[in-house]
Amino acid sequence: MTMKDYLSITPEIQQAIDSGKPVVALESTILSHGMPFPQNVEFAHKVEEIVRGEGAIPATTAIIGGKLKVGLTSDELDLMCKAENVGKVSRRDVAVYLATGKTGATTVATTMMISAMAGIRIFATGGIGGVHRGATETMDISADLQELAHTPVAVIGAGAKSLLDIGLTLEYLETMGVPVIGVDTMDFPAFYCRKSGFKVDYSAKDANEIARILKTKWDLGLQGGALIANPIPKEYELDFDEMEAVINNALNLAKEQGIRGKDTTPFLLSHIKDLTNGVSFASNLELAYNNARVASRIAVEYSKLS
């Protein structure tokens, strides 16, 4: 078998890829491990509607029945949202899930990997994983960063999740040669907050400029992707200092309960939601919708150039 034998791409998405139409990849971990049922079903449909409304084709990814799925049916979407025996799959887990037929939700790293295999260049998520706080002792660093360094897919997100060590995350990306481009901002966003205290490498004024930068990078044969840092809309932003206090509280809970590795982020996001009385969850939805909107505009501009 070859790589293509493992890929299952819906006819609509395959036709769009073949004809150079704009396609936006979407992950499924946010559905299976980031939101409760049935709110995640509503979210999934709304994100796809936003992508289509901007003139692009949505391509939600997952691992189901020994196949790398690019585009899901309504039944498959429900399967991922109900999340019964659905694992969280990063690059290291892909072969295991394919060979054993397990159902897996795709992380940022895995969605990038599948997108590249399928020929999709643009991917919208909430925010990337990165270097966790305390990583100098735990070595807890998300596989998302290595994927950005090596896989030619642009990731549009609200920066890095604010529960991470953002300074070290940006240092890591710089070392690996990953450009961090702000969407009309020089401030690197911290998921729920528009500013983190750190800067992006470059501020692009619009989707066309971002598309031209991406095309130039890949025309040159430069390895890897790019992080497109898109701040949460102002009306949904949370206070930075208040969020720091909430995050530190959640981190202490995780430490007390021995939560580690890939279980850390879902645990923290769940407790942050509880500690903010659900306000952070509402912000999470809005930033994800905004990222899908901006990613679609970039995909449309990139398709014109290509």
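**Helix 9 and its two neighbours**

Modeller: In helix 7, the residues V108, A109, M112 and M113 meet A143, D144, E147 and L148 of helix 9. Sorted by class, the residues of this contact of helix 7 with helix 9 are six nonpolar, two charged and no polar. This is a predicted model, and what follows should be read with that in mind. Helix 7 spans residues 108-118, and its axis comes within 8 Å of the axis of helix 9, the two crossing at roughly 25°. Because angles under 35 degrees count as roughly parallel, helix 7 is roughly parallel to helix 9. As for the sense of the crossing, helix 7 passes helix 9 in a left-handed manner.

Helix 9 also has a contact with helix 10. Helix 9 covers residues 143-150 and helix 10 covers residues 166-175, and their axes come within 9 Å and cross at roughly 25°. Helix 9 and helix 10 are therefore roughly parallel to each other, and their crossing is right-handed. On the side of helix 9 the contact is made by L145, Q146 and L148, while on the side of helix 10 it is made by T169, Y172 and L173. In this contact of helix 9 with helix 10, four residues are nonpolar, two are polar and none is charged.

As background, most residues other than glycine have a negative phi, and most peptide bonds are trans. Against that background, F37 and P38 are joined by a cis peptide bond, with omega at about 5°. P38 lies in the loop that runs between helix 3 (29-32) and helix 4 (39-53).

N85, a residue other than glycine, has a positive phi near 60°. Its loop is the one between helix 5 (74-82) and strand 5 (86-89). With a relative accessible area of 75%, N85 is exposed, because exposed means over 50%. D184 is likewise not a glycine, yet its phi is positive, at about 55°. D184 is found in the loop between strand 9 (180-183) and strand 10 (202-204), and with a relative accessible area of 57% it is exposed.

S19 is partly exposed, its relative accessible area being 45%. Although S19 and S303 are 284 residues apart along the chain, their C-alpha atoms are separated by 9.6 Å.

Finally, there are the cysteines to consider. A disulfide is a covalent bond between the sulfur atoms of two cysteines. A search of the whole structure for such bonds finds zero disulfides. Among the cysteines, C81 is buried, with a relative accessible area of 2%, and C193 is buried as well, with a relative accessible area of 1%; both values fall under the 20% that defines buried.

Methods. Residues are numbered from 1 along each chain as its sequence is written. This is a predicted model: local features need pLDDT of at least 70, side-chain atom pairs count only at pLDDT 80 or more; totals for chains, interfaces and linings use all residues. Side-chain values use heavy atoms; hydrogens and water are left out. Axes are lines fitted to C-alpha atoms, for helices over the stretch in contact, and angles run from 0 to 180 degrees between N-to-C directions. Helices (H or I, at least four residues) and strands (E, at least two) are DSSP runs, numbered from the N terminus. Angles under 35 degrees count as roughly parallel, over 145 as roughly antiparallel, 65 to 115 as roughly perpendicular and the rest as oblique. A crossing is left-handed if the near helix is turned anticlockwise from the far one by less than a right angle, and right-handed if clockwise. Contact means heavy atoms within 4.5 Å. Ala, Val, Leu, Ile, Met, Phe, Trp, Tyr, Cys and Pro count as nonpolar, Asp, Glu, Lys and Arg as charged, and the others, Gly among them, as polar. A disulfide is a pair of cysteine sulfur atoms within 2.5 Å. Buried means under 20% relative accessible area, exposed over 50%, partly exposed in between (1.4 Å probe, protein chains only).
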